[in-house]
Every structure is written in C-alpha cells, then in structure tokens.
Amino acid sequence: MTGTPLDGVRILDFTHVQSGPTCTQLLAWFGADVIKVERPGTGDATRQQLQDIPGVDSLYFTMLNHNKRSITIDAKNAAGREVLWRLIRECDVLVENFAPGALDRMGLTWEALQAANPGLILASVKGFGPGRYQDCKVYENVAQCAGGAASTTGWRDGLPTVSGAQIGDSGTGLHLALGIVTALYHRTQTGRGQRVDCAMQDGVLNLCRVKLRDQQRLAHGPLPEYSQFGEGVEFGESVPRAGNDSGGGQPGRILKCKGWEQDPNAYIYFITQGAVWEPICDIIGEPGWKTDPDYVTPKARLPHLNEIFTRIEAWTMKHDKLEAMEILNAYDIPCGPILSMKEIAEDEALRASGTVVEVEHPTRGPYLTVGNPIKLSANSVSITRSPLLGEHTDEILRDVLGCSDTEIAKILGSGATGAVQRVAAE
Ligand code: COA
C-alpha cells in the first residue's frame with residue numbers, strides 16, 4: 001500500500017497507439033498498477049513510429065506510457081493465452097482499444113471474461129458506437145471529422161480543418177478513464193464489473209457540444225456572435241466554420257502583435273468582455289465608444305465586430321504579446337498570448353507546477369513530457385519513465401501470478417513472451 005488514490009487497483013492494459021494509453025497513463029499516475037501487455041518482438045506500434053533516435057523507443061511511445069510495467073505475451077500462443085487468463089483473474093480492469101472484433105478473436109469475449117472474473121471491468125475505445133460504422137477502424141482525424149469538429153473548424157471559405165489538440169484520441173482516453181473510475185466506484189457497492197465503452201465519434205461530439213447548440217439556434221435566426229453576421233453573409237443550413245471567433249457570448253479574435261511579420265506566433269487572443277468595455281475603449285484610444293449608441297452595449301457592437309477588432313489590432317500591433325498581456329491584465333481584460341511549443345517547453349511556471357516534466361530514460365537520455373494536468377491536493381504524482389519492451393515480464397510473472405523460477409523459465413522458453421528488453425545497470 002502506497003497511499004495513492006488508486007492504490008490496489010490493477011489494470012491489464014491491452015492498449016496501443018494513443019487513445020487507450022492516454023487513459024491507462026492517467027490511471028497509473030493516480031497509483032493503479034498498470035500492466036501493459038505487448039506483442040512480443042514489436043510491442044505497441046508507436047515504439048517504432050516517428051523515431052527521432054534510431055533503435056530507441058519513440059517520444060510518441062514514451063510520452064504516453066509513463067508509470068506502467070510492460071509484459072510481452074503472444075495472445076495467439078497457447079502458453080501465452082494461459083498467462084493472459086491468469087492475469088485476467090488477478091486484475092480489476094481490462095482496458096483495450098483494438099479494432100472492432102479483435103478482442104473476441106483472441107477469445108476474450110465479455111461472457112468468458114465475466115465467467116473468469118465477475119468483478120472485472122472491461123473498458124474499450126472504438127471509433128464508432130453501434131450503427132453503420134461500428135466495424136470501422138478509426139484514427140484521430142477520422143474522429144475529428146465524424147464528430148463535428150472538422151466541419152466547424154477553420155475558415156468559412158476554406159477546407160474543413162482538424163485541430164492540433166488530439167480530441168479524438170486523448171480526449172476519448174480521458175472519457176474512458178472517467179468511465180473506469182465510475183465503474184470501480186459502482187463495483188464497491190455491487191461487487192460486479194461492467195463494460196465501459198467510449199466511441200471516439202461520441203467523445204469528439206461531446207467536446208463540440210456548443211456547435212450542436214448553435215445548429216439548433218440557427219432555426220431561430222442567424223448567429224450574431226459569428227463574424228459573418230456583421231459582414232452580412234447569409235447563414236446556410238449547418239453551423240459554419242467560424243475562424244477564430246470566440247464561441248461564447250463574449251466576442252474574441254486573434255490579433256497581430258509587434259513582430260508578427262517575422263514571428264508566426266506574435267499574436268494575442270483578445271476578448272471584448274462586456275464588463276471591461278470601458279477600459280478597452282480607453283486603452284485603444286476610442287473613449288467615445290463608451291457612450292456611442294452603436295458601441296455601448298454588447299448587442300449593439302455585434303454588427304461592428306470587424307471594425308472594433310481592426311481598431312484594437314492597431315493597438316496590439318504596437319506591443320509585443322507579453323507586454324500587451326501585462327497591460328490588459330491590469331484591467332482584467334481577458335486575453336492570452338499565442339505560445340509556441342518552444343515557449344511552452346521553456347516555461348518556468350509549467351515546469352514548477354509539474355505540468356512540463358523532464359524524465360530520464362535509459363536508452364534515450366532526458367526528455368520532456370506533459371505531466372499530470374489533474375492536480376489532487378492530497379496526492380502529488382511522480383512521473384516515471386515508460387517501460388522497455390517486456391521489461392517487467394519476469395517481475396509480473398513472479399509478483400502477480402506467484403510463478404516460481406522454474407515456471408518462469410518454462411514460460412519464457414515456450415515462445416509466449418519472445419525476447420524481453422532489460423535495462424543495462426541503471
Ligand atoms: N498477441 C497477439 N496478437 C496481438 C497482440 C498480442 N499481444 N496484440 C495485438 N494483437 C493482434 C490483434 O489480435 C489483431 O489481430 P487480428 O486482426 O488477427 O484479430 C492485430 O494485432 C491488430 O490489431 P488492430 O487493433 O486491428 O491494429 P491495427 O494496427 O490494424 O489498427 C487501429 C489500429 C488504431 C486503427 C485499431 O486498433 C482501432 O480502430 N482501434 C479502435 C479505435 C482507436 O483506439 N483508434 C485510435 C488509436 S490512437
């Protein structure tokens with residue numbers, strides 16, 4: 001017992017790529033014992049994807065698999081299957097994000113799992129829920145397109161656009177983690193496990209909730225907070241792409257700051273919140289707008305947003321983004337600099353809060369990762385490196401299954417685990 005929030009919870013982590021690993025990494029950060037089951041020889045395909053250093057686990061893999069242990073098991077080998085079933089009896093949750101049907105093809109049907117371990121929770125990510133696309137394989141951008149994000153992102157006269165934020169993969173992993181802890185809580189009352197299913201399309205749509213709101217508002221007239229309203233461009237049948245307009249009732253835009261000609265990120269997001277309209281007018285040198293009937297109320301301003309933001313931009317272009325932020329913050333004007341990944345990686349406050357963390361890895365050396373963004377007041381999280389392929393195979397066979405040395409040698413010799421990687425004296 002270590003006193004972590006999920007102490008005593010054991011997860012059989014059959015996940016790969018991004019969506020599932022995001023979920024199990026979070027549970028590992030909260031103290032669950034996450035046993036990552038990988039295919040002998042190759043492991044999670046991301047170990048080899050986008051490799052920056054030849055022969056070394058990629059950052060794609062290391063940044064999604066912290067605080068886990070790795071065991072290699074060939075689920076299609078008889079001895080491997082036996083080990084797998086023994087582990088299933090010892091675990092509280094099985095998490096997987098294989099293509100539809102793959103788990104059943106391994107013989108791990110819900111009925112068989114329940115018979116072996118009635119308290120087991122089976123948590124799955126799939127691209128789509130029940131319906132015409134249920135058998136499809138899905139990656140991030142497919143989910144962003146099918147979940148309504150792409151059709152509502154970008155510019156009105158441009159292509160549908162996907163976001164750099166991985167709302168399909170990591171977003172669905174977050175949803176799944178919440179489903180798992182909810183099912184664990186429920187199990188404390190009933191003793192029974194259940195299935196937790198998250199479809200990536202559903203997860204993306206949940207995050208695009210405000211756009212479905214706007215779809216229904218369209219039936220009652222144009223959407224006045226969208227720039228096209230002020231530009232006199234008619235609305236069609238579906239929610240249009242709104243560029244960088246802010247989604248809520250407080251109009252906002254991305255505006256140029258000093259140096260924008262050279263620096264692709266010399267911009268600031270500026271929100272004309274109603275409560276601070278007067279200081280905004282003073283700062284940009286338009287004190288008359290404080291009483292002018294065309295500008296005095298948020299509603300009156302809506303048809304003039306282009307003119308207002310052009311005027312504000314004439315002010316922001318005289319300041320660099322951090323200086324503008326400082327001046328505006330003094331008046332509680334909501335704004336935010338556009339930060340590059342380089343600036344974020346170097347940000348001292350993010351390092352101090354444990355959101356950006358440097359981790360040491362035996363074959364890679366030090367690298368940066370994103371720590372746990374969910375902070376619990378009673379439990380700090382220490383981020384430990386991702387495991388090498390099969391690194392903990394013997395340890396898991398011994399500690400979790402109680403195997404003797406002879407039994408371990410027999411399993412390793414059976415071809416069920418393949419060659420495992422070990423750390424050369426750390
Ligand atoms: N031992 C033996 N076989 C193993 C194994 C192991 N330890 N681990 C995986 N496999 C096998 C599976 O059984 C499957 O075999 P089968 O097709 O013969 O049944 C095979 O590996 C491939 O699995 P699959 O999930 O189909 O991988 P893929 O690389 O072809 O597809 C995805 C990848 C992500 C497209 C797919 O897994 C998917 O759609 N997942 C659900 C949605 C999702 O999470 N997408 C986002 C990923 S970030």
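Trainee: How many cavities of 30 Å³ or more does a search of the whole structure find?

Mentor: One. By cavity I mean a set of points, on a 1 Å grid over the protein atoms alone, where a 1.4 Å probe fits but cannot get out. Keep in mind that this is a predicted model: local features need pLDDT of at least 70, side-chain atom pairs count only at pLDDT 80 or more, and totals for chains, interfaces and linings use all residues. Residues are numbered from 1 along each chain as its sequence is written, and side-chain values use heavy atoms, with hydrogens and water left out.

Trainee: How much space lies in the largest cavity?

Mentor: About 40 Å³. A volume here is the space filled by probe spheres set on the grid points, which are joined across faces, edges and corners.

Trainee: And which residues line the largest cavity?

Mentor: Pro 251, Thr 272, Pro 298, Arg 301, Leu 305 and Ile 308; a lining residue has an atom within 4 Å of a point. Helices α12 (298–301) and α13 (305–316) each supply at least two residues of that lining. Helices are DSSP runs of H or I with at least four residues, strands are E runs of at least two, and both are numbered from the N terminus.

Trainee: OK, new topic. Where does the ligand sit?

Mentor: In the largest pocket, meaning more than half of its atoms lie within 2 Å of the pocket's grid points. A pocket is an open set with protein on both sides within 12 Å along at least five of seven lines.

Trainee: What is the volume of the largest pocket?

Mentor: About 860 Å³. It has 35 lining residues, and His 16, Arg 39, Asn 97, Phe 98 and Ala 99 are the closest to its centre. β2 (33–38), α4 (102–105) and β5 (121–126) are the elements giving two or more residues to the lining.

Trainee: How many residues surround the ligand?

Mentor: 23, the closest being Arg 39, Ala 99, Arg 105, Lys 137 and Val 138.

Trainee: Which backbone atoms come up to its nitrogens?

Mentor: A backbone N or O atom of Val 138 lies 2.7 Å from a ligand nitrogen, one of Asn 97 lies 2.9 Å from a ligand nitrogen, and one of Phe 98 lies 3.5 Å from a ligand nitrogen. Taken alone the ligand exposes 940 Å², and the protein buries 84% of that; the areas come from the Shrake-Rupley method with a 1.4 Å probe.

Trainee: What about the second largest pocket: how much space lies in there?

Mentor: About 640 Å³. It is lined by 20 residues, with Gln 18, Thr 22, Leu 64, Ser 170 and Val 370 nearest its centre.

Trainee: Which element gives the most to that lining?

Mentor: α1, with four residues. The others giving two or more include α2 (59–62) and α7 (169–190).

Conventions. A residue is near a molecule or strand if one of its heavy atoms lies within 4 Å of it. A polar contact is a pair of N or O atoms within 3.5 Å; within protein, one must be able to donate a hydrogen and the other to accept it, and residues adjacent in sequence count only if both atoms are side-chain atoms.
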